[in-house]
There are 2 protein chains.
Amino acid sequence: MSKIKDTSVNFENKKNLEETCAEIYAVNLISGQWILSICYYLKQGKLRFTELKNKIPNITERMLTLQLKKMEEDKLVSRTAYAEVPLRVEYELTPIGKGLLPILAQLEQWGKLHKSMSEGSAT
Amino acid sequence: MSKIKDTSVNFENKKNLEETCAEIYAVNLISGQWILSICYYLKQGKLRFTELKNKIPNITERMLTLQLKKMEEDKLVSRTAYAEVPLRVEYELTPIGKGLLPILAQLEQWGKLHKSMSEGSAT
DNA sequence: ACTCATACTTACATTTTTGTTCGTTGAATA
DNA sequence: TATTCAACGAACAAAAATGTAAGTATGAGT
């Protein structure tokens, strides 16, 4: 996330796949470790940085910062900073970000089905 | 993919998130670099290892092997080996793997929309 | 005996992601 | 004056994913 070498084969491959295939492009937008958690809590509405931090178990400030920044660059969330002290910053899903929600709901259904099958056969 | 330390904080976090949230569980199943490409080509039906290799640009045999193995463990594809010489192995999407396809189609739509918006504003 | 093809495996190197710790800002509060 | 708060940023370390290059087993064909 921090450093991406735009000369690496890995980078080339990723770029090509994204260009060729919008599914891959889409999945790459949501494949950070904490991005879906953030989406989950922002479903309800705006939240401040610290509120998110407190709601998401085990996330560090650094990861929250990084993931929010990526989501902002990717237009999934909007950031509003208020010139107060202490600082207040609110995050909210953008319209296109909200457009993901129904798809995520379906993924959730599929995931549950898959999980129940795996548990059933893992005995 | 190769090595996963089951003592790391990273591993703990991932596991907790997957247990809590089926969306995250689901996305983790499809978040390998080449997994969606493989899905794409297996939509049509069975394919042999070499056929996949030739269809997917730039993939190496190692990555194809790894991703197929993961997909097999995750019950997304089934593997059938024929006792011939030279060896013949066929891969096919499982029923639950096929269940992903409509969701991926929606992701594709969303991705295209997102991409068109980004291109429009990036000028 | 020797090569050929398929479907891998292994060892190693590089790149990317995630985690840990500490520092910053600037007004309010003790 | 020192401390506290929110929302980060920077430096470094660890882990995970991906890439590169080489090798393996099996027989069948020449």
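This is a predicted model: local features need pLDDT of at least 70, side-chain atom pairs count only at pLDDT 80 or more; totals for chains, interfaces and linings use all residues.
Me: What makes the relation between chain A and chain B that of a two-fold axis?
Reply: Chain B can be laid on chain A with an RMSD of 0.1 Å, and this takes a turn of 180° together with a shift of 0.0 Å along the axis. That is the relation of a two-fold axis.

Me: How do you know that the copies meet through the same surface?
Reply: Of the interface residues of chain B, 100% are also interface residues in chain A, and therefore the copies meet through the same surface.

Me: Why are strands S1 and S2 of chain A said to stand at the edges of the sheet?
Reply: The sheet is an open one of three strands in the order S1-S3-S2 (chain A), and its pairing is antiparallel. Strand S1 (47-48) and strand S2 (77-82) of chain A each have a single partner strand, so one side of each is left without a neighbour in the sheet.

Me: How do you know that S1(A) pairs with strand S3 of chain A?
Reply: Pairing requires at least two bridges between the strands, and two bridges join S1(A) to strand S3 (residues 88-93) of chain A, the two running antiparallel. Leu47(A), for its part, has Tyr91(A) as its bridge partner in S3(A). Helix H3 (residues 35-42) of chain A packs on this sheet, where it touches S1, S2 and S3 of chain A, and its direction makes about 95° with that of S3(A).

Me: Why are H3(B) and H5(B) called roughly perpendicular?
Reply: Helix H3 (residues 35-42) and helix H5 (residues 61-73) of chain B pack at an angle of about 75°, with their axes 10 Å apart. Angles of 65 to 115 degrees count as roughly perpendicular, and the two helices are therefore described in that way. In this contact, Ile35(B), Ile38(B) and Cys39(B) of H3(B) meet residues of H5(B) that include Leu64(B), Leu68(B) and Met71(B). The residues of the contact divide into six nonpolar, one polar and one charged.

Me: What makes helix H2 of chain B largely enclosed by the rest of the structure?
Reply: Eight of the eight residues of H2(B), which covers residues 22-29, are buried, and so the helix is largely enclosed. Among them are Glu23(B), Tyr25(B) and Asn28(B).

Me: Why is Lys98(B) called partly exposed?
Reply: Buried means under 20% relative accessible area and exposed means over 50%; Lys98(B) has 42%, so it is partly exposed. Lys98(B) is found in helix H6 (residues 95-98) of chain B.

Definitions and conventions
Residues are numbered from 1 along each chain as its sequence is written. Chains are lettered from A and ligands numbered from 1 in the order in which they are written. Side-chain values use heavy atoms; hydrogens and water are left out. Copies are superposed by least squares on the C-alpha atoms of residues with pLDDT of at least 70 in both. Contact means heavy atoms within 4.5 Å. Helices (H or I, at least four residues) and strands (E, at least two) are DSSP runs, numbered from the N terminus. Axes are lines fitted to C-alpha atoms, for helices over the stretch in contact, and angles run from 0 to 180 degrees between N-to-C directions. Angles under 35 degrees count as roughly parallel, over 145 as roughly antiparallel, 65 to 115 as roughly perpendicular and the rest as oblique. Ala, Val, Leu, Ile, Met, Phe, Trp, Tyr, Cys and Pro count as nonpolar, Asp, Glu, Lys and Arg as charged, and the others, Gly among them, as polar. Buried means under 20% relative accessible area, exposed over 50%, partly exposed in between (1.4 Å probe, protein chains only).
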